[in-house]
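Here is a friendly note to read beside the model, point by point. Please keep the structure open as you go.

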Amino acid sequence: MYNPAGESADTSSMLEAAVAELDPIVALLSLIHITGDQMLLHRYGPLLEGTQEQKREAFVDFGETEHKEADPAVVAEIRGMLLNELRGGKPEVLLDEPAPGLFREMLKLALGMELPEASFEVARQHGGFVTDTRIVPQDVMPSPDFKVLVIGAGMVGINSAVKLKQSGFNYTVIESRHEMGGTWSINRYPGAAVDTPSILYSYSFDPNPSWTKFYPMKDEFLKYLEKVADRHRIRDNIHLNTTMTDATWDEARKLWVVKAVRDGQEVVYEANAVIQCLGMLTRARWPDAADREKFSGPVMHSAEWDESVDLTGKRVVIVGTGCSGVQLTRALSEVAADVTVVQRQPDYIIPNPQALAPVPPLEIWAMENIPYVTQWKRMQSLVSALTDMRGMMGFDQEWHDKTGGFGPLNDAVTKMSLDYLASKFPDDPEMVRKLTPPYPLYAKRPILDCGYYDALKKEHVHLVEGELKAFDETGVILADGTHIACDAVVLATGFYLEWYKDLNITGRNGQTLRDAFTPYPEAYEGILVPGFPNYLITAGPNTGLTANHAVLGEQHVHYIIELLQMMVNGDYAAVEADEEACRAYNAWTEEALKDTAWYRKGAAHGYYRHDDSGRIVLATPRHNSTVWHDTRVPKTEHLKLERRPGAPERKPRVIEPLSI
């Protein structure tokens, strides 16, 4: 075995084993990055055509594609060259950001297809091949007097802090909790995990090569966010234990006055702009069930978990079968003596053999030590979200006329889900009936199977159809009168889709955001609300469900940074959405949503729709690649821009000839 000086036998052995397991195409692409030799693509690319390892995100994985094996001699040659480059440690990379023409050809080889042109630049950014996608130039460096306040230090709040720092803005983040992390700090229930592949549910500008699971559990993801904060040195700008109580626009001074309580003391922040990073699902939904105080045991909500309660050996009732309920059922079935799951309505369950699987150690080693392996594996997982998705969420009339179905992709995933259900309970038609949803796929969010069906097959786990009505001393009572005796009750009943109703946010002319969002929330691009200058919302109305939260968050933060730089360049004191533009944008959105599964929902209930009006306020009808392009640069014709009083006109810089 070759073992150069300074390299341990263990390291050499690990290197050879990792390269031997590496997808030959990814090995070739890594080699091109390392050497900068583009001729390698011409030489070996055609020899690897058709050998691509097709990877599709689970919610849209509806079939296998034809796959052929590469010539072993060609594979050995590629791996041998890569080994030579890697011996002695991680090499210097000569090609960081491939030029468009090269990247296009690398993509075609990696994916076995040519991406739609609308997704090409999206792939460069979200794949992690470029880290700076700024368009509005920094003609003027932001002044230290231009202050930005970020509310919330969850996933998007951390993203905002990183990008504000990189862009030169004076920023502060306030977070009500004792630690950053948002959802991944709040949700402490057993089994809590990310249901998007870890390689995708992370920042494109700071990918994590070291995930131990394909779908990370809560603690691992929280640690990732903390590492990002440390790596980008933003902790000093994050004020923990700081709860906003009031935000008011000061029209005379053109800034926001934000009151908060920090460690029990009242504090006031003044900011030229506020970025709200709170999410829309912030208050736990406790069911309207009578006599809860009569029950002698603990009653816990998944979003307000009491980690001091030990459920080992207990009789537990779990109310709810959404994502949290499914994860809780699997986890508690392993420790509780008896588990009864109360199901109001079944959900589509998608097969997912990787849900609990660890990432193989050799794959982790390759991503940690071989340049650009992480990015290309991420790219292969992203591909399905970057292609045309006709007939997935949108109703396809032509397809319906031919087949009676909803759309080609929707029907394919529906069949996959129902076939999977039938395969898990081949001799139990009653269980299949109970678990078959009475509505179209995507009317509610499908759920990745994390072992839920296997948990339901255990003798001590029972599925009961019904709705929680009341408690008594010994258990729960369902709407049909069924009594279930238990020692503890776990409520996996979700959140209120409140859209910041409890926040005291006052814009121009005394209007509150609560008023502006009555009868339902609307915002331009989900980010800007007329009458609320410089108040910028992430994960706002009608921005969701087209991509995971990491992807969407990066797009929102990009738009906001571009807008803030536009303010600095133009000496604008106030920017807000034009009322007519906002109205037109939301009218188009509402109309376009009528042809989607979210609107054509059948019997489905759930948080996708506004509690009071029933309007779809979570989703956008656009493909995410369209959203990406629409939010690259703020459209000034859709904005009201107010210059800073007394600001001098900026004269264009002129290159004058120099002399000696």
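1. V150 stands opposite V173 in β2. This pair belongs to strands β1 (residues 147-151) and β2 (residues 170-174), which run parallel and are joined by five bridges. Strands and helices here are DSSP runs, numbered from the N terminus: E of at least two residues for strands, H or I of at least four for helices. Two strands pair if DSSP finds at least two bridges between them.

2. A word on the source: this is a predicted model, in which local features need pLDDT of at least 70 and side-chain atom pairs count only at pLDDT 80 or more, while totals for chains, interfaces and linings use all residues. Residues are numbered from 1 along each chain as its sequence is written, and side-chain values use heavy atoms, with hydrogens and water left out.

3. Where do β1 and β2 sit in their sheet? The sheet is open, has five strands in the order β3-β2-β1-β7-β21, and pairs in parallel. Its edge strands, β3 (238-239) and β21, each pair on one side only.

4. Contact means heavy atoms within 4.5 Å.

5. A cavity is a set of points on a 1 Å grid over the protein atoms alone where a 1.4 Å probe fits but cannot get out, and lining residues have an atom within 4 Å of a point.

6. How much space lies in the largest cavity? About 120 Å³. A volume is the space filled by probe spheres set on the points, which are joined across faces, edges and corners. The lining has 16 residues, of which A193, V194, Q327, A355 and C450 are closest to the centre. By class, it divides into 11 nonpolar, three polar and two charged residues. Ala, Val, Leu, Ile, Met, Phe, Trp, Tyr, Cys and Pro count as nonpolar, Asp, Glu, Lys and Arg as charged, and the others, Gly among them, as polar.

7. The second largest cavity has a volume of about 60 Å³. Its lining includes E525, N542, H556 and R622, and divides into three nonpolar, six polar and two charged residues. Helix α18 (residues 549-570) gives the most here, with three residues.

8. Is F517 buried or exposed? F517 counts as buried because its relative accessible area is 7%; the cut-offs are under 20% for buried and over 50% for exposed, with partly exposed in between (1.4 Å probe, protein chains only). F517 lies in the loop between α17 (513-516) and β21 (535-537). Not counting residues up to four places away in sequence, its contacts include W499, Y500 and I537.

Definitions and conventions. On a 1 Å grid over the protein atoms alone, a cavity is a set of points where a 1.4 Å probe fits but cannot get out, and a pocket is an open set with protein on both sides within 12 Å along at least five of seven lines; lining residues have an atom within 4 Å of a point.
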